[in-house]
Amino acid sequence: MAELVNLTIDGYQIQTAKNTTIFEAAKKININIPHLCYHENLSIYGACRICVVEVEGRPRLEPSCATIAENGMRVKTNTARVRRARRMIVELLLANHPEDCFTCESNQVCELRKLAYDLGIRSLRFEKGRKYHYKLDLSSPAIIRDPNKCILCSRCIRVCLEIQAVGAIEFVNRGSKTQVLTFFNKGLNNVECTNCGQCILACPTGALREKTIVDEVWEAISDPKKFVIVQTAPAVRSAIGEEFGMKPGALVTGKMAAALRRLGFSRIFDTQFTADLTIIEEAYELVERIKNKGILPMITSCSPGWIKYIEHFFPDCLEHLSTCKSPQQMFGAIAKTYYSQKTGIEPKNLYVVSIMPCTAKKFEAKRPEMRASGAQDVDAVLTTREIARMIKETGIDFCNLQDEDFDEPLGISTGAAVIFGATGGVMEAALRTAYEVVTGKTLERVEFEQVRGLEGIKKANIMLDGLELKVAVAHGLSNARILLEEIQNGTSPYHFIEVMACPGGCLGGGGQPMPTNFEIRAMRAASLYREDEDKPVRKSHENPAIKKLYEEFLEKPLSEKAHHLLHTTYTKRGRY
Amino acid sequence: MKIILKNIEKKGYLPDINSYMREGGYKALKNALHMKPEGILSEIKKSKLVGRGGAAFPTGLKWEFTYKTKDFPKYVVCNADEGEPGTFKDRLILEKDPHLLIEAMVICGFTIGAEEGFIYIRGEYFKGYEVLQKAIDEACRHNFLGRNILGSKFSFKISLYKGAGAYVCGEETALLDSLEGKKGQSRVKPPFPTFVGFNNKPTVLNNVETFANIPEIILKGGERFSRIGSSFSPGTKLYCLSGDINNPGIHEIPMNVSLQDLLERYGGGVRGSLKGVLPGGVSSGLLTPRDLDITMDYPGVQKAGSMLGSGAVIVINDKHCMVDLAEKCVEFFDYESCGKCTPCREGTKRAKEILINIAQGKGELGDIALLKELQEIMFDTSRCGLGQAALNAVRSALEKFYDEFEDHILRKKCKFGVCPIGKDI
């Protein structure tokens, strides 16, 4: 049993495990001490000083996030001295902060704004106005960094390094000239940034946000020459409700389709359609690699943040990647070829929008490899947050919409595609198909619980008749790194690995509603698995629209046409 | 009574090993190698020596903490990043008697069970670096450093590490981060470096002057040392006199000297008429002529509402404007703040802004209340000593020279003609 310590916080006796901080201990009596640099998933930084508390016998206020609870400690979290200090510290941050809350992207989610309000700061005593005129980092197609709004809490730096093992940004300079910058200020697009957007989720202010293209999409919708079709990723339906005040994990597939139709999109399609397609191509690729003694383990390639990560950090391992494009890009390629032919709409008049939980998808859509149709296959990528703002702009009463369906044929999908949005989902979907491809038998029980859940790395041995398939699933790039190092060392026992760049998989993506935390990720995952259960068809290869696609157009999995449209190549990027 | 400067003040004394040994150098080490670590610790504890870097922590206790820790390897680190404006005492030891420091560090290593030491030297101390490197090489050749020192089972090496010009790296945990190759920023304490120091291993970290006392204590005994000067903090102190004083420089004096004696007997008197004294550099609070009878030891200066710090005694005569002085002090801290914690990074900047405004005649009475509040909160919440002490001079100037601030704000006038107020800016 863990050692316990007894302390008093605000007069309440608390018993807590040894080595808990005062901040954590205070949560036990339902006090969430105001804070900025503290983040539950990250290391302790102890620098914003907002979470300071009085500890009897100590000469100064102590940061509760960085002070370990000790036996007999008497803590006060709410005294005049504490409140005065917190107010002034936030005031100091505000004195530096651009006063453009009206037009700030983070207006509704800004922790600094909320804290200033909660702490009762109603006037600013220090010199007002902007003190910095730093240039914005606009280099990346996915993420904008505005150093003027940065409060130097280091949450972005820590998430990038600790959770994602990337380290694209760091502090430079000293004192009040301190800035968070990329290597030699080259800009996010010119360093190892994977565009995963976890920094956006971690940022308490508007210093980090997605590069929004809402206006381009509006323009396309109002252009009479354009036929604008939209695809939505699985993880979006499990989270977008949060933007409208619904409970995390509220499943709003039908409302989302209804809202998109009202926004003026000509056809409402589903990325899940091509998720099913991805599974078939990927399952066949895996089986072929195993049969022909190809390069193993094979690693999934749906997550564009992950792809850029391996291109930078493990360029020698690129042959382990499945050559399958991601569902987003398969959709773009199929839309501008197959669908265009079927409907007679010229590809140049077809405008493909995708709604993604992801910021890296913005980068992926612009990759030079993603022009199988001759032009950019996916024209615009919007995050969950961006599409929610478009819906809000129109006044659509999202929560009370009647459910509507996706359009045919690119809106038809199976339960296997739904779970793409959760870590382990691609693996499970692939196993459902691979089992039947390899064994020729019907898989009766489709759930593979071993690969579900939010554990960082999940491992399983799956029996496919006589063949034992060793698989692993990683989410969060620091976990992926562990599996890749095994491959580099020649100790990787696996045949097949799924990697998603973001913690929790796509449902925890950098384009998702804020906040995104552990509990919320779990609730979003649960709703995706619920939707899977409710689907009449739960295996990708049984999707009737996909079967038809092969019959009418692609011929068979891994055909030459499939290779041309649905598979891709990777770039050795290396480090800077 | 000279302990630290006893060699340096001898005519013709050179910073080489022969001169040092001629004056009895490395005898303390030879003695120490025949003692038990507990015996050495007991002498140092008896001496009541406290750290000379400014915090005045009992040296014997510090060594004992690390000695008793069963985590290896352990390290000895010397803080030679002397950066407080007005302090230049360590430089003298580094340049003129480097073996005194080396001998002390080897004794420390032997006592606590460390085999490696580092000297973190201020980047601008070019000469000190050269002299020290040469001295380390000499000590190696004489086997006072290296493998099996003087035939014992004890081995010890010392490496030199140059700072890059950041004041904050004089703060012990920032120094350790810098020494590890990271950006120099303070760590969360506890844990203290005695348990979790360099490379997260137990580390004794002492100031140059603190180390320089060790050979004397080993040779003559802790008991004898404890009777020198002040009973609260025995021994001598290197006082650095600067500013409006006739005889500026370094004076080694037992620590029971009064401020009056320090200025008159040793400093040759104040140039002009005395207005104030910063006894511990720009991070200490101002003393005034009313404080002339205080004892210049750690508790004495503290009782007067200031701190002795590293002993940088800056003398200020009546030609100076205290608004200007406060502004200059804050400007230094704004420039030197590491930028990690909010109160220090933003607070120094705003304090500077307010003081510049007052100096330019744009101040308001409310600014004074705001400055006071800012000082209290920076003292209460900053991560390390830098931010905690940054507005000490401002606070004391406001307390003791309030009328000068009022003059600038209400009457828009600097009676010393120092501030830009009323001038074309």
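## Domains of chain A

The centres of domain 1 and domain 3 of chain A, taken over C-alpha atoms, lie 42 Å apart. This is a predicted model, and the domain assignment of chain A places domain 1 at residues 4-78, domain 2 at 98-210 and domain 3 at 215-566.

## The hairpin of β3 and β4 in chain A

Strand β3 of chain A, residues 52-55, pairs with strand β4 of chain A, residues 62-63, in the antiparallel sense and over two bridges. Across this pairing A:V52 stands opposite A:P63 in β4(A). Six residues lie between the strands of the hairpin, where A:G57 takes a positive phi near 95 degrees.

β3(A) is also joined by two bridges to strand β5 of chain A, residues 74-76, and these strands run antiparallel. In this pairing A:E54 is the residue that stands opposite A:K76 in β5(A).

## The four-stranded sheet of chain A

An open sheet of chain A is formed by four strands in the order β12-β17-β16-β15, and the pairing within it is mixed. Its edge strands are β12 (298-299) and β15 (457-464) of chain A, each of which pairs on one side only. β15(A) is joined by eight bridges to strand β16 of chain A, residues 467-475, the two running antiparallel, and A:A460 stands opposite A:V471 in β16(A).

Helix α15 of chain A, residues 425-439, packs on the sheet and touches β15, β16 and β17 (496-500) of chain A, with a direction that makes about 15 degrees with that of β15(A). Helix α16 of chain A, residues 477-489, lies across β15, β16 and β17 of chain A, and runs at about 140 degrees to β16(A).

## Helix α7 of chain B

How does the span of helix α7 of chain B agree with its 16 residues? At 1.5 Å a residue, the helix, which covers residues 126-141, should span 22 Å, and because its end C-alpha atoms are 23 Å apart, the two values agree.

The buried residues in α7(B) are B:G128, B:Y129, B:L132, B:A135, B:I136, B:E138 and B:A139. In chain B, the buried residues of α7(B) pack against the helices α1 (17-22), α5 (89-96) and α6 (98-112), and also against the strands β2 (116-121) and β3 (157-162). Just after α7(B), B:N143 takes a positive phi of about 60 degrees.

Notes
Residues numbered from 1 in each chain as written. Chains lettered and ligands numbered in written order. Predicted model: local features only at pLDDT ≥ 70, side-chain atom pairs only at ≥ 80, totals over all residues. Expected span 1.5 Å × (residues − 1). Buried ≥ 20, exposed ≤ 12 C-beta atoms within 10 Å, placed from the backbone. Contact = placed C-beta atoms within 7 Å. Pairing = 2+ DSSP bridges. Domains from an automatic or database assignment. Axes fitted to C-alpha atoms, helices over the stretch in contact; angles between N-to-C directions.
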